[in-house]
Amino acid sequence: MTAPTKPLPGSPAPGDPDRTAGTAPGEQLHAPVIAWFDEHARDLPWRRPEAGPWGVMVSEFMLQQTPVSRVLPVYEQWMARWPRPADLAAEPPGEAVRAWGRLGYPRRALRLHGAAVAITERHGGDVPSDHAQLLALPGIGEYTAAAVASFAYGRRHAVLDTNVRRVFARAVTGVQYPPNATTAAERRLARALLPEDEGTAARWAAASMELGALVCTAKNETCHRCPITAQCAWRLAGKPEHDGPPRRGQTYAGTDRQVRGKLLAVLREAHAPVPQAVLDGVWHEPVQRARALDGLVADGLVEPLPDGMYRLPLS
Ligand code: SF4
């Protein structure tokens, strides 16, 4: 393939993610990225037909802030125990928190349980296919609604996760990293890049996400293995270094998140209420420990009992 000397027609200039007018900027990207996906996509359990829409939804909740390798075993156990939304809905929310294990951000477990209850009550136990109905479920935001509608039902939606945002930032906008939080300009760009045909749009959503996960990674991107290396605006511009705001770190040690994780781990392992004194043993600093426990209670992840005992929520 002969490398063009300038970015795609209609591509925004470097540093100008809002400049999407002109010819459809994605047309030269769709075919190579989808062909690459057909050859290189990982065989993941939620991509198999037997996963069904519920499997897709569970995986999307788990994958939002956790890598695939950590999600895989928890996903398998979850689906074996709760193969349908109604199976999860029939159990207390605390069981979802327990089964969530160490995936982190455990409010996702409560939200998934809440969604399973609503699917059972409002939709006869079937995950809806319509984006608006998905969005109306508790705990489901724009991203998850679009991902489930697209991946499970082949609908045409812009599915904008971290990996996709990075691919678009580089290949189309010509910058190394997207903004820290998703912007309206990125959403417009993602919509502009969507193939018209519904089936192709769904393939494109999955394929561009996989490209970001496997090739156009945050560090050490492997452009020589990339199917759009000849069109990539950032590469063609000589890979200018990121000059936006500092990128958010993911510090964990010493944070309230770490303390919350330790408290929850004790409650997950115990199958009976746990006394305050046991929880006090997980962290040396009492103010931070109390703040973390209060936060868990406020989030509905932990239920305080009258006698100074704590447990995972039963309702
Ligand atoms: S050429 Fe490199 S930077 Fe551009 S999209 Fe491909 S992997 Fe990412």
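Among the 50 residues of the largest nonpolar core in this predicted model, Trp54, Met57, Met62, Trp78 and Leu112 touch the most other members. A nonpolar core is here a set of buried Ala, Val, Leu, Ile, Met, Phe, Trp, Tyr and Cys residues joined through side-chain atoms within 4.5 Å, where buried denotes under 20% relative accessible area, exposed over 50% and partly exposed the range in between (1.4 Å probe, protein chains only). At least two residues of this core are supplied by each of α2, α3 (68-81), α5 (93-100), α6, α8 (142-153), α13 (256-269) and α15 (286-298); the largest contribution, seven residues, comes from α6. Helices are DSSP runs (H or I, at least four residues) numbered from the N terminus. Apart from this core lies another, of 30 residues, including Val159, Leu160, Leu189 and Ala190.

The model is predicted, with pLDDT of at least 70 required for local features and 80 or more for side-chain atom pairs, whereas totals for chains, interfaces and linings use all residues. Residues are numbered from 1 along each chain as its sequence is written, and side-chain values use heavy atoms, with hydrogens and water left out.

Helix α2 (residues 52-63) and helix α6 (residues 107-122) have axes that come within 10 Å and cross at roughly 155°. Axes are lines fitted to C-alpha atoms, for helices over the stretch in contact, with angles from 0 to 180 degrees between N-to-C directions. The two helices, α2 and α6, are therefore roughly antiparallel to each other (an angle over 145 degrees). Trp54, Met57, Val58, Phe61, Met62 and Leu63 of α2 form the contact (heavy atoms within 4.5 Å) with Arg108, Arg111, Leu112, Ala116 and Ile119 of α6. By class, nine nonpolar, no polar and two charged residues take part in the contact of α2 with α6; Ala, Val, Leu, Ile, Met, Phe, Trp, Tyr, Cys and Pro count as nonpolar, Asp, Glu, Lys and Arg as charged, and the others, Gly among them, as polar.

Helix α2 also packs with α8, at an angle of about 145° and with the axes 9 Å apart. Pro53, Val56, Met57, Glu60 and Phe61 in α2 meet Tyr143, Thr144, Ala147, Val148, Phe151, Ala152 and Tyr153 in α8. Leaving aside neighbours within four places in sequence, Met57 contacts Leu112, Ile119, Val127, Leu134, Leu137, Ile140 and Val148.

Tyr105, in the loop between α5 and α6, has a positive phi of about 45° although it is not a glycine. Tyr105 counts as partly exposed, at 27% relative accessibility.

How values were computed:
Angles under 35 degrees count as roughly parallel, over 145 as roughly antiparallel, 65 to 115 as roughly perpendicular and the rest as oblique.
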